[in-house]
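This briefing is meant for a reader who is meeting the structure for the first time. It begins with a charged residue and the pairings around it, and then turns to a helix and to the protein as a whole.

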Amino acid sequence: MPLLAQQLHVRLSPDGGKNFPAGKHSRPLAPLRPQLPSKPSTISVYDTDGRGQVLFLDFDVTRAVGLPRAQAVARVTEHAQAAIALIEQCGGRAISTLSPSGGRHVIIRWSSPLPWTELLRLTRSLAVRFPTLDVQPMASRKGQIRPPGALHKIDRGQLTGWMTLTMPIEQAERILRHPCGSKVWVALQQELTAELAQVDSPSTGSPSWTTTTAGEAGRTCPDCDAVVDVPLDADGYPWLPRTSSARPLRPEIERLAQLGDWENSGAQSASEPRLGLLNSMAAAGLRLGQIRTRMHEGTWAGLARLLDSRRQGPRSAEEQERLLQRDWQKAVTWVAWRRHVRNCNTSQNNLSTAPLPASGPRRDLGLSRKMVETIKGHAFTM
């Protein structure tokens, strides 16, 4: 418990687990060999300076509104497991507990204390992705939460159970003694770019990327005259974050990425299918680093073929990389512009009739009608 409690005291519930007031109901917590309280109890999520070294994610069954209990519990389990997978994807590790009510706590310990405002901001962004996440425990400098092993509730004289670890205690202790570092924090912030933008601009109801952009995208909205900007990922490349993880490509687009068989599309060269493919990848929320990795691993060998194909002969690795970066910039800004035109409050255009900007090259030259519709339908579906 001392690895988790941000202040060395616990609050005991005087009413069987309904309330956890401070004052006379607070007890010191021994830093060595602490004893579990004999009543339902909570620990502080922040220290007296308003900083915390642990992120507590409280997945609550009551937030699965409208679902029968069994489905609500299943939804909470799904969200908690997805949150753990996200932490692990970013290079970190987490522990979790199961409540007798079906709720779950996911717990991440950091190598250094962080301001409560930053931990709350991260919690809110995770709640955008996982709606069963209750932000309340992290929403106040005086926030409290039940730790692993704590008694749950006492109802009519009967104990309802404990907050039970979902892994052996030895494994949980090893994870907590090897906390997540700054690389995990940065990676998590990047994965939640869209959710953080939504949290930071609640009045607009949509993401607002103004802190990190790729500069003017060279596309101006014909209705509101806004210049469409795009955000940058942690590696400095443009991308279009989604309020969820990147979505899979449609089967026909995935096949093109795998095989690069542009000749079957009716195109005159590999250029148009390549740009259409990158359009789809940009719309799916992928980052250039992810695309490059899958291409080099051979998963998307077809993209490498599309980059290498030209009438004058094969391109060198350096030429392919420069072409990939150039076409990726075009694809991201193109999709961003089309999305803006479609969602602009004053726009009467739609995807099939919106005019192309004067300086923008067409993306469907030489493609068969079927391939054009396939690429457009995938690349611009939100």
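In this predicted model, Glu319 counts as partly exposed, its relative accessibility being 28%. Its salt-bridge partner is Arg310, with the closest N and O atoms 3.5 Å apart, and Arg310 is likewise partly exposed, at a relative accessible area of 34%.

**Salt bridges**
- The structure holds 13 salt bridges, and those that share partners join Arg274, Arg326 and Asp327 into one network.
- Another salt bridge joins the side chains of Arg156 and Asp155, at 3.7 Å from N to O; here Arg156 counts as exposed, at 79% relative accessibility, whereas Asp155 is partly exposed, at 40%.

**Helix H9**
- In helix H9, which spans residues 301-308, the buried residues are Gly302, Leu303, Leu306 and Leu307, and they cover an arc of only 145 degrees around the axis, so they lie on the same side of H9.
- These buried residues pack against helices H6 (251-259), H7 (271-283), H8 (288-297) and H10 (317-343).

**The whole protein**
- The secondary structure comprises eleven helices and 13 strands, and of the 382 residues, 48% count as buried.
- Among contacts between residues at least 6 apart in sequence, 70% join residues at least 24 apart.
- The protein exposes about 18,900 Å², of which carbon and sulfur atoms supply 50%.

Methods: Residues numbered from 1 in each chain as written. Predicted model: local features only at pLDDT ≥ 70, side-chain atom pairs only at ≥ 80, totals over all residues. Heavy atoms only, no water. Helix = DSSP H or I, 4+ residues; strand = E, 2+ residues; numbered from the N terminus. Buried < 20%, exposed > 50% of the residue type's maximum accessible area, 1.4 Å probe, protein only. Contact = heavy atoms within 4.5 Å. Areas by Shrake-Rupley, 256 points an atom, 1.4 Å probe, with all protein chains shown as cover. Arc of directions from axis to C-beta. Salt bridge = Lys/Arg side-chain N within 4 Å of Asp/Glu carboxyl O.
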